[in-house]
Amino acid sequence: MAGTLTSGKIKTSKKISNRKFAIVVAEWNDEITEALYEGARNSLLAHGVKKSNIIRKNVPGSFELTLGGLWMAEKRDISAVICLGCVIQGDTPHFDYICQAVANGITEVNIKTRKPIIFGVLTTLNKQQAMDRAGGKLGNKGEEAALTAIKMLES
Ligand code: DLZ
């Protein structure tokens, strides 16, 4: 599919099974973020990551993904962090502030911790666009976020 990461299965080395991943999940728009979480988790498992090596952390909203991601990345045994959220545009500029803050925040955590912190945040104009990307007709961006984490560790 144009504009998406290769989804499905990628070739991984054996070391991935022993790596520990954190998935940080925003509770806002939880119908969407739960679907992203399922996509990410299933993708890690399909690539040989052990169940016990997948750690979940919830945060209230996408704005909190930065700190939640940092807390997870600071743990020595965590190799990569997948941040999942869904920001849907409303009637006020709140959307822009949250999207900008979380994009900048996650970028900083990557640089500060020197670990892959993956930006799995949907920023959509409406709920339908989000559903299309959370297991709907445009795939599951949680699954893609997990593949990105694996690719970064394999590179
Ligand atoms: C306040 C808010 C709004 C209006 N919309 C969303 C959203 O669409 N998606 C999301 O993940 N979070 C939203 N939040 C909550 C903020 O991310 C944050 O939790 C609060 O501003 C408290 O810091």
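Select Arg-114 to begin: this residue lies in the loop between H3 and E4. The model is a predicted one. Phi of Arg-114 is near 55°, a positive value in a residue that is not glycine. Arg-114 has a relative accessible area of 77%, so it counts as exposed.

Now select Asn-29, in the loop between E1 and H1. Asn-29 is not a glycine, yet its phi is positive, at about 55°. Is Asn-29 exposed or partly exposed? With a relative accessible area of 27%, it is partly exposed. Keep Asn-29 in mind, as it is also one of the residues around the ligand.

**The sheet**

Colour the strands next. Four of them form an open sheet in the order E2-E1-E3-E4, with parallel pairing. At its edges are strand E2 (54–59) and strand E4 (117–124), each of which pairs on one side only. From one strand to the next, the twist averages 15°.

Go to strand E1, residues 20–26, and then to strand E3, residues 78–88. The two run parallel and are joined by 6 bridges. Select Val-24 and look across to E3: Cys-83 stands opposite. Val-25 also has a bridge partner in E3, namely Leu-84.

Then turn to the pairing of E1 with E2. Here too the strands run parallel, and 6 bridges join them. Select Ile-23 to find Arg-56 of E2 standing opposite.

Why is E1 largely enclosed by the rest of the structure? Because 6 of its 7 residues are buried.

Select Asn-53, in the loop between helix H1 (30–46) and E2. Its relative accessibility is 11%, so Asn-53 counts as buried. Show what surrounds it: beyond its neighbours within four places in sequence, Asn-53 is in contact with Ser-17, Asn-18, Arg-19, Lys-20 and Phe-21.

**Helices on the sheet**

Return to the pairing of E1 and E3, with its 6 bridges. Helix H2 (residues 65–73) packs on the sheet and touches E1, E2, E3 and E4. The direction of H2 makes about 170° with that of E3. Helix H3 (residues 94–113) packs on the sheet as well, touching E3 and E4, and its direction makes about 170° with that of E4.

Stay with H2 and select its buried residues: Leu-65, Gly-68, Gly-69, Leu-70, Met-72 and Ala-73. What do the buried residues of H2 pack against? They pack against E1, E2, E3, H3 and E4.

**The ligand**

- Glu-64: an N or O atom in its side chain is 2.5 Å from an oxygen atom of the ligand.
- Ile-88: a polar backbone atom of this residue is 3.1 Å from an oxygen atom of the ligand.

How much does the ligand expose when taken alone? It exposes 480 Å², and the protein buries 72% of that.

Notes:
Residues numbered from 1 in each chain as written. Predicted model: local features only at pLDDT ≥ 70, side-chain atom pairs only at ≥ 80, totals over all residues. Heavy atoms only, no water. Pairing = 2+ DSSP bridges. Helix = DSSP H or I, 4+ residues; strand = E, 2+ residues; numbered from the N terminus. Axes fitted to C-alpha atoms, helices over the stretch in contact; angles between N-to-C directions. Contact = heavy atoms within 4.5 Å. Near = heavy atom within 4 Å. Polar contact = N/O pair within 3.5 Å; in protein donor to acceptor, adjacent residues only side chain to side chain. Areas by Shrake-Rupley, 256 points an atom, 1.4 Å probe, with all protein chains shown as cover. Buried < 20%, exposed > 50% of the residue type's maximum accessible area, 1.4 Å probe, protein only.
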